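Reader: I would like to learn how to read a protein model feature by feature. Could we go through one together?

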Amino acid sequence: MQLAEAATRSGQGSEAEHKDRILDFAVSRSPAIFYVADWDEMPYPTFISSNLETITGHPVSAFLEDQDFGRGLLHPEDREAYFQAVRDLKTVGQACAEYRFRNSEGQYLWFRDDLRFSPGEGGKADEVVGCMIDITRQKRAETSFKDAEALKSEIVDAALDAIVVADED
């Protein structure tokens, strides 16, 4: 017997309500923020998964009540890349952008944002669905690796004596 069917039989609500609770639970624990937005030259969010607040510290309501709230949290150096992705979305139907986004504590997190048009009535693309994934750890690891490589190069370049690497075998 499936979970939804068992919940319905035990009087815990309809199968659809149970599935909604399971989906909400799964999404709320996900590292990915899901959203749906209406399209009118720019995407305007109509739904954002509740884990947005857990990840960024900002309440979902701030994004839904003020259409420009999220855009104001973009790092100034990343705004053009974000807006280019939006332009690509309009012409290609899908886009991806990586950008820094200020959390409620004033720190910037890196996100990879994949978005695409979803066909509405009559096949007209009037809705955007997207998924933002926190890639801050990955970006920090990339920076640490680049810094270590640069330090190694500086050490090798500055060495006056030969550096020998020997294998014990």
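Reader: How many disulfides does the count come to?

Author: A disulfide is a covalent bond between the sulfur atoms of two cysteines. Here the rule asks for a pair of cysteine sulfur atoms within 2.5 Å, and by this rule the count comes to zero disulfides. Before we go on, please keep in mind that this is a predicted model, in which local features need pLDDT of at least 70 and side-chain atom pairs count only at pLDDT 80 or more, while totals for chains, interfaces and linings use all residues. Residues are numbered from 1 along each chain as its sequence is written, and side-chain values use heavy atoms, with hydrogens and water left out.

Reader: Are Cys 96 and Cys 131 buried or exposed, or something in between?

Author: Buried means under 20% relative accessible area, exposed means over 50%, and partly exposed lies in between (1.4 Å probe, protein chains only). Cys 96 has a relative accessible area of 37%, so it is partly exposed, whereas Cys 131, at 17%, counts as buried. Of the 169 residues of the protein chain, 31% count as buried.

Reader: How many helices and strands does the protein chain have?

Author: Helices (H or I, at least four residues) and strands (E, at least two) are DSSP runs, numbered from the N terminus. The protein chain has six helices and five strands, and from the N terminus on they run α-α-β-β-α-α-α-β-β-β-α. One of the helices, α4, contains Glu 65, a residue that is exposed because its relative accessible area is 68%. The C-alpha atoms of Glu 65 and Thr 46 are separated by 9.4 Å, although the two residues are 19 apart along the chain.

Reader: Which residues touch the most other members of the largest nonpolar core?

Author: In soluble globular proteins, nonpolar side chains tend to be buried together. A nonpolar core is a set of buried Ala, Val, Leu, Ile, Met, Phe, Trp, Tyr and Cys residues joined through side-chain atoms within 4.5 Å. The largest one has 25 residues, of which Ile 48, Leu 89, Tyr 99, Phe 101, Phe 111 and Val 128 touch the most other members. Among the elements that give two or more residues to this core are β1, β2 (42-48) and α5 (79-92). Contact means heavy atoms within 4.5 Å, and, leaving aside neighbours within four places in sequence, Val 128 has contacts that include Tyr 35, Trp 39, Leu 89 and Phe 117.

Reader: How many aromatic pairs does the structure hold?

Author: Rings of Phe, Tyr and Trp (its six-membered ring) pair if their centres lie within 6.5 Å, and planes under 30 degrees apart count as stacked, over 60 as edge-to-face and the rest as tilted. The structure holds six aromatic pairs. In one of them the rings of Trp 39 and Phe 117 have their centres 5.1 Å apart and their planes at 75 degrees, so the pair is edge-to-face. This pair links distant parts of the chain, since Trp 39 lies in strand β1 (residues 32-40) and Phe 117 in strand β4 (residues 108-119), 78 residues apart. Both Trp 39 and Phe 117 are buried. Phe 63 and Phe 69 also form an edge-to-face pair, at 4.9 Å centre to centre with 90 degrees between the planes.

Reader: Which residues form one aromatic cluster with Phe 63 and Phe 69?

Author: Phe 101 and Phe 111 belong to that cluster together with Phe 63 and Phe 69. Phe 63 is buried, with a relative accessible area of 8%, while Phe 69 is partly exposed at 24%.
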